[in-house]
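Reader: Please look closely at one part, starting with the pocket lining, and go on from there to the sheet. Give the cut-offs as you go.

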Amino acid sequence: MIAVLTFTDPRPTAFLTERERALKRKHATLVGELEKAGFNVIDLNMELGRYQLFESGGNFGVDSMGDAIRAGRIVAGNGASGIIAGLWHWTESNLVTAMVREARRPLLLYADDDPAWAGTTCITSVGASLWESAVNEYALNHVRLKGNIEKVKAWAGAVEAVSKLSKGSILLWGSPYTLGMEHLMDDLPGLKHIVGDFIMLDQYILVERADNLLSDEQLRVRVEGFYDWLTSKTEVKFDGKMLTPEALRRQIALYLAAKESFKEHENVSAVSIKCQPELSEVYGVTACLIPALFPFNADAEGGKDVIPATCEGDVKGTISSALLFYLSGKPPLFGDIKYVDDKMVMIANCGASSLYYARLSENPEENLKATTIQGQCQGASGGALTYRTPKATFTVARLVRKGGEYFLLYFLTEGLEITGEIESKLKWGKQWPHTAIKNPLDKETFISVMGANHLSLVPGDYREELRFVAKLWGVKAVNLEDEKGAKSILGV
């Protein structure tokens, strides 16, 4: 939810009626553009009765300390993610300061490029005053934009995503660090300026529930129904060793157990499953249906919400996936950086990624038809979900940390066709889902700056939003399309 508030000059001046009519028109246009883009907007001028006041001969814009404070309290009380202050013409700076002191929300100062009014003067005056007063972090770190409605939408998308993450939880079944990878861990209390909470559960919760589903005759009906659905919607290649009907049923039971565990917790943004080695080796099957079907819009039990999911308890990877989901509304892909050369980055998760990427179709049936389940190359048993992602434009993002300092890495890229020649060279993990994208750097620079072996991506261009997210989080945004900027991580 985004709040929009237009201010005006409290002084009686020339062009007063014409000015207020212009402010009302500009304000309504901005509100309309945001609503057209899908944002839920609180029109604060309407909440304050300024439309009626204008009709009776008063000012449309906020022109008093009382209304400025009331506006801030409305924002705070309604849980808005951020505020856009319409500064189309002169206002007194302390009105905006008073409003943001009460609201305590991210703030954007905006005016169009109309030379008829003093928007530029107002933005620079108000912005300078907010820096000078520094009444809170939002005053100090406000954003200023002029005449670029698309950037306004990007900022609004960023503050909405940041707000959702800050109010949600990350659910981890099994804690890092998996297979000795320190970068999967983090300072979880410190990350609570980004994420609302972390729910950490032992994987035994899933094991016990999965065993109950398989051993109880009445509960097993649910597993059998899911098995029939999965084997009818996808191609399944049983091999009598790694992938047997019973191994697939155990994977289904783990997924259903995870669904039930997820439902017991409110407002979970994303999940991660440790899997290795407790499930993959000790329990005896990999948990691949969790990263395949959680970030997918359907399963055997009908249509469902998309929930970002990662593997190996990757905390920063899970945050990256959830962020991309909130920005785009699309299921995020998560996977390992399997291969890099000067032209290509190959992403292939160790058994499964969101099935959406099998065809990039909004119709789940089409994605399922393009998926093959076949024996894993690791773990005691289980199936991997195989597909090759079609070409598209993708935004890739990854939160990393070096020496205690966070960086938000991102880049826009094009998907590449996985040709027969590339396919012929695959051996280890050939049965995994693979996504090929253009490398924005040379291979040495790419692997040198990469603070993780996992990446997350979604279709579309969200670079502007990610830059705003980094500013809101107080971390450095690094666009890997810029070689000099990328190398700044290395101190060169």
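Author: Helix H8 is the element that gives the most residues to the lining of the largest pocket, namely 6. Helices (H or I, at least four residues) and strands (E, at least two) are DSSP runs numbered from the N terminus. The model is predicted, so local features need pLDDT of at least 70 and side-chain atom pairs pLDDT 80 or more, while totals for chains, interfaces and linings use all residues. Residues are numbered from 1 along each chain as its sequence is written, and side-chain values use heavy atoms, with hydrogens and water left out.

The volume of the largest pocket is about 410 Å³. Its lining has 22 residues, and those closest to the centre are Pro106, Glu137, Tyr138, Val162 and Leu472. Two or more lining residues come from each of helix H7 (137-140), helix H8 (149-167) and helix H18 (463-473). A pocket here is an open set of points on a 1 Å grid over the protein atoms alone, where a 1.4 Å probe fits, with protein on both sides within 12 Å along at least five of seven lines; lining residues have an atom within 4 Å of a point. The volume is the space filled by probe spheres set on points joined across faces, edges and corners. By class, 10 lining residues are nonpolar (Ala, Val, Leu, Ile, Met, Phe, Trp, Tyr, Cys, Pro), 4 are charged (Asp, Glu, Lys, Arg) and 8 are polar (the others, Gly among them).

Next, the sheet. In the order E7-E6-E9-E12, 4 strands form an open sheet with parallel pairing, where a pair needs at least two DSSP bridges. Strand E7 (197-201) and strand E12 (309-311) are at the edges with a single partner strand each, so one side of each has no neighbour in the sheet. From one strand to the next the twist averages 20°. Strand E9 (residues 268-273) pairs with E12 over 3 bridges in the parallel sense, and serine 272 is opposite threonine 310 in E12.

Two helices pack here. Helix H11 (residues 245-263) touches strand E6 (169-173), E7 and E9, and its direction makes about 145° with that of E6. Contact means heavy atoms within 4.5 Å; angles run from 0 to 180 degrees between N-to-C directions of lines fitted to C-alpha atoms, for helices over the stretch in contact. Helix H14 (residues 315-328) lies across E6, E7, E9 and E12 and runs at about 140° to E9.
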